[in-house]
Amino acid sequence: MQRNDILKLLFETPYEALRERADEVRAREKGEHVFVRGLIEFSNRCERNCRYCGLRSANPSLKRYRLDEVQIVEAAERAVAFGVDTLVLQSGEVHDEPQRIAHVVDALRTRFPVAVTLSVGEQPTASYALWKEAGASRFLLKHETADASLYAALHPGYTLAQRVDALQRLRRAGYEIGSGFIVGVPGQRPETLADDILLARELHVDMCGAGPFIPQADTPLGNEPQGSVELALRVMAVLRIALPWSNLPATTALASLDPVSGQREGLLAGGNVLMPGFTPAAHREDYCIYDNKHRVSMDEARQVIESAGRTHSLHREG
């Protein structure tokens with residue numbers, strides 16, 4: 001698939017036809033089951049200063065926290081009881097606790113019969129190897145944008161080349177890798193979305209998330225307009241066509257901008273993953289990447305999946 005083919009799908013193909021084609025590919029390549037990953041945001045500490053993210057190190061308004069192992073295991077136990085198939089441990093990017101993370105991963109793999117995914121940013125190769133040995137099998141690291149100049153502007157002091165290198169090092173370490181990008185981030189050119197899809201395809205990522213930009217008030221981009229749900233859904237559909245093997249989440253950002261039907265439409269546009277959160281209630285509002293995040297309950301996740309005519313392994317709340 002060439003860049004012009006992707007641009008035509010993104011901006012010229014009628015959406016109903018695009019969605020129908022994407023759903024056909026999804027049904028053929030991935031089947032009817034929706035995977036549910038239980039997200040545990042175990043720390044909001046971060047050394048980076050990304051211009052769109054509420055966890056940025058220069059944000060003095062954010063109350064920082066870090067869950068201890070007992071709190072993480074308790075959150076994981078609740079997630080597994082609801083029927084999730086994977087535990088996702090996510091935090092800001094810090095480099096002072098590789099051994100602690102390894103210990104937590106080992107504890108989860110010992111206790112629960114599900115895969116463990118990490119999402120903790122760019123790290124030394126030795127840390128990636130340590131966590132792989134401890135039992136982590138997947139790693140999420142969004143490339144955010146395939147425009148190198150925009151990447152540098154959004155991530156002061158860092159480059160797109162470094163991010164791609166980290167993804168390649170993760171692959172060599174034996175992880176399944178997940179990437180993704182922001183749809184409608186300020187400064188993004190429409191054609192960059194085609195480059196994002198091509199980069200994900202080139203990296204042959206196992207999972208790719210594409211959600212709309214949502215501003216966070218305590219960041220330099222806090223007053224910028226939010227991204228488009230409609231465009232994010234078109235991007236999802238093209239991702240499914242271009243990356244038929246990949247798992248595609250119907251992102252929480254879709255639910256945040258369209259609580260009624262955002263995630264359902266994401267599943268109908270080729271998605272096959274949901275990622276509800278299991279961060280303890282006392283800290284959920286402190287993991288504030290963007291504002292007004294919609295907290296999807298497990299019964300809500302069930303309803304989304306069933307309304308899309310798909311299957312799941314979730315149990316009811318209560």
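This is a predicted model: local features need pLDDT of at least 70, side-chain atom pairs count only at pLDDT 80 or more; totals for chains, interfaces and linings use all residues.
**View 1. The largest nonpolar core and a separate one.**
Start with the big picture: the largest nonpolar core takes in 98 residues. L89, L108 and I197 have the most contacts inside this core. Helix α9, spanning residues 229-242, is its top contributor, with 10 residues. Another core sits apart from the largest one and has six residues, including L39, V88, M207 and M275.

The crossing is right-handed. From α8 come L193, I197 and R201, which meet L231, V235, V238, L239 and A242 of α9. Sort the residues of this contact by type and you get seven nonpolar, no polar and one charged. Now zoom in on I197: leaving out residues up to four places away in sequence, I197 touches V235, V238, L239 and A242, and also I6, L10, F181 and L243.

**View 2. T86 and its surroundings.**
T86 belongs to strand β2, which covers residues 86-91. T86 counts as buried because its relative accessible area is 1%, and the cut-off is under 20%. Its side chain makes a polar contact of 2.9 Å with the side chain of D85, and another of 3.3 Å with the side chain of R37. Setting aside neighbours within four places in sequence, T86 is in contact with V36, R37, G38, V114, A115, T117 and R138.

Terms used. Residues are numbered from 1 along each chain as its sequence is written. Side-chain values use heavy atoms; hydrogens and water are left out. A nonpolar core is a set of buried Ala, Val, Leu, Ile, Met, Phe, Trp, Tyr and Cys residues joined through side-chain atoms within 4.5 Å. Buried means under 20% relative accessible area, exposed over 50%, partly exposed in between (1.4 Å probe, protein chains only). Helices (H or I, at least four residues) and strands (E, at least two) are DSSP runs, numbered from the N terminus. Contact means heavy atoms within 4.5 Å. A polar contact is a pair of N or O atoms within 3.5 Å; within protein, one must be able to donate a hydrogen and the other to accept it, and residues adjacent in sequence count only if both atoms are side-chain atoms. A crossing is left-handed if the near helix is turned anticlockwise from the far one by less than a right angle, and right-handed if clockwise. Ala, Val, Leu, Ile, Met, Phe, Trp, Tyr, Cys and Pro count as nonpolar, Asp, Glu, Lys and Arg as charged, and the others, Gly among them, as polar.
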